Amino acid sequence: MEYLKNQYSERDGVEQPFFAGCFGIFGHGNLAGFGQALQQSPDFRYYLVRNEQAAVHTAVGYAKMKNRLSTFVCTSSIGPGATNMVTAAAGATVNRLPVLLMPGDIFAQRKVAPVLQQFESPFSQDISVNDCFKPVSKYWDRINRPEQLITSLPEVMRVLTSPADTGAVTLCIPQDVQAEAHDFPVEMFEKRVWHIPRPRPDKATMLRAVELISTAKKPMIIAGGGVIYSEAENALKTFVHSTGIPVAETFAGKGSLSYDDPHNLGAAGATGTEGANAISTEADVVIGIGTRYGDFTTASKTAFQNKKVKFININITEFDAHKHSGLALTGDAKVILEELLEKLEAYKVDDSYRKRVAGYNKSWDEKVTLAYQVEDTKVISQAEVIGAVNNFSEAKDVVLCASGSAPGDLHKLWRTRDSKGFHLEYGYSCMGYEISGGLGAKMACPDREIYVILGDGGYLMMPSEIVTSLQEGYKLTIILIDNNGFASIGGLSKSIGSEGFGTKYLYRDNKSGKLEGEQLPVNLAMNAESLGAKVFKTSDIASFNEALEKAKLEEQTTVIHIKTVPERKMAGYGHAWWDVPVAEVSESEAVQKARENYDEQKKNQRYFF
Ligand SMILES: Cc1ncc(C[n+]2csc(CCOP(=O)(O)OP(=O)(O)O)c2C)c(N)n1
Ligand SMILES: [Mg+2]
């Protein structure tokens, strides 16, 4: 703990402690070692959470808001406490966000084995459930002798602070080793600053990229999370204003440009806007910046239809920079954009192309205005809820979401005015991230209102951190959209001919044996109230707007409960396809029909060489 307390990060001259403290839940596997150390270090604050998975989401939400320059430690006991963290650890690594996991581990000494909660293996005594962290961690270590920490901890920090390699790092320390004494060298505990570099790419590759862009007639940029993590927003704006190259945004990259910038096409891919999807279909050069090219961004590899399309990928991670057989500009987005602009000062897209893009930006915003408009004052749609929150919130406030049908609608409809204002965990899209991740975002940015938007499914998965938010005095405004089940997956199921099977929160009907009975007597508003939240139950747009006003005045976590209809959804545009394979053989005619459509769509899918 003393070592971790003394680790700092620095980028562009701004320095901060790398760890803001430690989340955790104690059990026999960590209370006598880590617990004792934390008790002794009140300046390295310990936060009791309700679920170890939530702890990791909270750390990740924090790290995302801090552009990966700071995060938390998460400690658990051995066994179930540890494996509870695996899900969120995968989420951290998928989203390239740093978090240090310190699960306790089974006795190194082995004398008492099997200790309570030990998972035994008949073929090796060198296995514990902590081995489950290996595939989801960017660095993993088990400390069987105290002095191993001397060489392990610098590796932990190297990976966590590496913009290219960061993700979940797991350091397992057996419960007996945690309690051992050792004479560590004092130098180990001196302040250490980890300087976050802005690496520049290979010169020859840079020249090839400049050449390729110079010949492009219909270039476009796909802006991913890397733009924001690199703080390259201004460099991007200057670059696109000079060259006229339009920008479409991924979930993590939304907010790279202001929504009303005439070069902004808005959301890319499966949940993309009309303009983004029309331009990507024709684009001859695609410049991906800080994107992993997830299937939502590429519309499952159908978004880019120009036969001769070439990719240039600006990415800190070599692995991503090479995707789609791209010219790999491996390095930092900000400095690369600055250098590219110097070399492309004379390059401009045609005026007609620039105008066409500006037209898309404008016509899309008109669509957003329409979607925000209230159609029916009794049954409110999700788009209207999003509109109300967007209209009410300030530019610096944050909308935060992870799963369900809201992410797609938000991607399309949220008017992002501040690059940190759109916080979507859509790499792992983990139900349960919403409230816990929201808490992390609020801890990182206490001066911003955090609007957590989540469904009834997401809420039921993990409402627990409402309690932690109250305990620590961090206010969230939670918009709970209750539509009796999984609108998203229900809709997807219908689209493949399966009638929304198993996606509604209803009683089992005894006659049919199906989940088609009466509505369940679940009262989520009351549930939130019982956890200590201030709750506003709303039924129409007027009461919802009133609740937003009242919630703003609250100092503690507030839940605004609203019932919406699951059916009203935003349309898809152009190649807005998501590859979800439909059964090739089925007794259902609807499935057979869906399969026909699937086979048709599949023809648009491409490889890039
Ligand atoms: C942990 C986890 N399990 C399953 C899924 C698959 N999934 C995605 S959305 C969803 C339903 C979400 O329901 P709800 O929060 O009510 O949102 P709605 O679809 O109604 O908008 C499910 C089951 C997931 N994303 N995360
Ligand atoms: Mg729902």
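**View 1. Isoleucine 496 in the loop between α19 and α20 of a predicted model.** Isoleucine 496 sits in the loop that joins α19 to α20 (524-530), where helices are DSSP runs of H or I with at least four residues, strands are runs of E with at least two, and both are numbered from the N terminus. Isoleucine 496 touches Val580, Val582, Val591 and Ala594, residues up to four places away in sequence being left out of the count, and contact here means heavy atoms within 4.5 Å. From valine 112, isoleucine 496 is separated by 384 residues in sequence and, C-alpha to C-alpha, by 53 Å in space. Residues are numbered from 1 along each chain as its sequence is written, and chains are lettered from A and ligands numbered from 1 in the order in which they are written. The model is predicted, so that local features need pLDDT of at least 70 and side-chain atom pairs count only at pLDDT 80 or more, while totals for chains, interfaces and linings use all residues; side-chain values use heavy atoms, without hydrogens and water.

**View 2. The shell around ligand 1.** Of the 15 residues around ligand 1, those that come nearest are Ser405, Asp456, Gly457, Gly458 and Ser488, a residue being near if one of its heavy atoms lies within 4 Å. By class, the shell holds five nonpolar, nine polar and one charged residue; Ala, Val, Leu, Ile, Met, Phe, Trp, Tyr, Cys and Pro count as nonpolar, Asp, Glu, Lys and Arg as charged, and the others, Gly among them, as polar.

**View 3. Polar atoms beside ligand 1.** A polar side-chain atom of serine 405 lies 2.6 Å from an oxygen atom of ligand 1, and a polar backbone atom of glycine 485 is 2.8 Å from an oxygen atom of the ligand. For methionine 431, a backbone N or O atom lies 3.3 Å from a nitrogen atom of ligand 1. The protein covers 77% of the 580 Å² of accessible area that ligand 1 has on its own, as given by the Shrake-Rupley method with a 1.4 Å probe. Two or more residues of the shell come from each of α17 (456-461) and α19 (487-495), and α17 gives the most, with four residues.

**View 4. Residue classes and helix α2 in the lining of the second largest pocket.** The lining of the second largest pocket comprises 19 nonpolar, six polar and two charged residues. Helix α2 gives the most to this lining, with six residues.

Key:
Polar contact = N/O pair within 3.5 Å; in protein donor to acceptor, adjacent residues only side chain to side chain.
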